[in-house]
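Colleague: I would like to learn how to read the features of a model like this one. Could you take me through them in turn?

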Amino acid sequence: QVQLVESGGGLVQAGDSLRLSCAASGRTSSIFAMGWFRRTPGKERELVSTITSNSGRTTYADSVKGRFTISRDNAKNTVYLQMDSLKSEDTAVYYCAATGPGSLSAYVYWGQGTQVTVSS
């Protein structure tokens with residue numbers, strides 16, 4: 001099993017920055033990839049960004065490209081999401097997730113979520 005704990009959310013103004021952190025514990029060696037998702041009431045869950053454990057290959061949703069940066073610190077088993085130039089439409093609950101063994105896309109472990117609110 002893997003446990004994920006997010007932190008770093010909060011209330012900011014448009015144009016500000018925030019950095020989210022996701023600390024993983026447990027069987028972290030089984031994780032092939034980690035990702036950040038977000039959910040806004042009335043909308044479907046959106047995959048924001050991913051990063052693979054071995055190569056560090058990253059992906060981004062078009063809505064955040066050029067503004068968000070995902071990174072990892074393997075020594076700390078922590079993944080970060082640096083969010084710059086925040087917009088009101090970035091307001092959401094952000095979830096960290098991790099894949100199970102042998103998968104780069106099946107996210108089976110989830111954090112509790114952290115609220116990000118961007119005021120315009």
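This is a predicted model: local features need pLDDT of at least 70, side-chain atom pairs count only at pLDDT 80 or more; totals for chains, interfaces and linings use all residues.

Colleague: Let us begin with strand S4. How many of the seven residues of S4 are buried?

Modeller: Six of the seven are buried, so S4 is largely enclosed by the rest of the structure. Buried here means under 20% relative accessible area.

Colleague: In which sense do S4 and S5 pair, and over how many bridges?

Modeller: S4 pairs with strand S5 (residues 46-52) in the antiparallel sense, over six bridges. Within that pairing, glycine 35 has threonine 50 of S5 as its bridge partner. The two strands make a hairpin with six residues between them, and glycine 42 in the turn has a positive phi of about 90°. S4 also runs antiparallel to S9, and six bridges join them. There, arginine 38 stands opposite tyrosine 94 of S9.

Colleague: What should I expect of the side chains along a strand?

Modeller: In a regular strand they alternate between the two faces of the sheet.

Colleague: Next, salt bridges. How many are there?

Modeller: The criterion is a side-chain nitrogen of Lys or Arg within 4 Å of a carboxyl oxygen of Asp or Glu, and the count comes to four. One of them joins aspartate 90 and arginine 38, with the closest N and O atoms 2.9 Å apart. Aspartate 90 lies in the loop between S8 and S9 while arginine 38 is in strand S4 (residues 33-39), so the pair ties together parts 52 residues apart in sequence.

Colleague: Are these two residues buried or exposed?

Modeller: Aspartate 90 is buried, at 0% relative accessible area. Arginine 38 is buried as well, at 6%.

Colleague: Which other salt bridge does aspartate 90 form?

Modeller: Aspartate 90 also bridges to arginine 67, where the closest N and O atoms are 2.7 Å apart. This pair links distant parts of the chain, 23 residues apart, with arginine 67 in the loop between strand S6 (58-60) and S7. Both aspartate 90 and arginine 67 are buried. Through shared partners, salt bridges join Arg38, Glu46, Arg67 and Asp90 into one network.

Colleague: And what about aspartate 62?

Modeller: The side chain of aspartate 62 meets that of lysine 65 in a salt bridge at 3.2 Å, N to O. At 66% relative accessibility, aspartate 62 counts as exposed.

Colleague: How many aromatic pairs does the structure hold?

Modeller: There are two. In one, the ring centres of phenylalanine 37 and tyrosine 107 are 5.2 Å apart and the planes are at 80°, so the pair is edge-to-face. Phenylalanine 37 is in strand S4 and tyrosine 107 in strand S10 (residues 107-110), so parts 70 residues apart in sequence are tied together. Both phenylalanine 37 and tyrosine 107 are buried. Phenylalanine 37 and tryptophan 110 form a tilted pair, 4.8 Å centre to centre with 55° between the planes. Tryptophan 110 counts as partly exposed, at 31% relative accessibility.

Colleague: Which residue lies over the face of phenylalanine 37?

Modeller: Arginine 45 does, at 5.2 Å from the ring centre.

Definitions and conventions
Residues are numbered from 1 along each chain as its sequence is written. Side-chain values use heavy atoms; hydrogens and water are left out. Helices (H or I, at least four residues) and strands (E, at least two) are DSSP runs, numbered from the N terminus. Buried means under 20% relative accessible area, exposed over 50%, partly exposed in between (1.4 Å probe, protein chains only). Two strands pair if DSSP finds at least two bridges between them. Rings of Phe, Tyr and Trp (its six-membered ring) pair if their centres lie within 6.5 Å; planes under 30 degrees apart count as stacked, over 60 as edge-to-face and the rest as tilted. A charge sits over a ring if NZ of Lys or CZ of Arg is within 6 Å of the ring centre and within 35 degrees of the ring normal.
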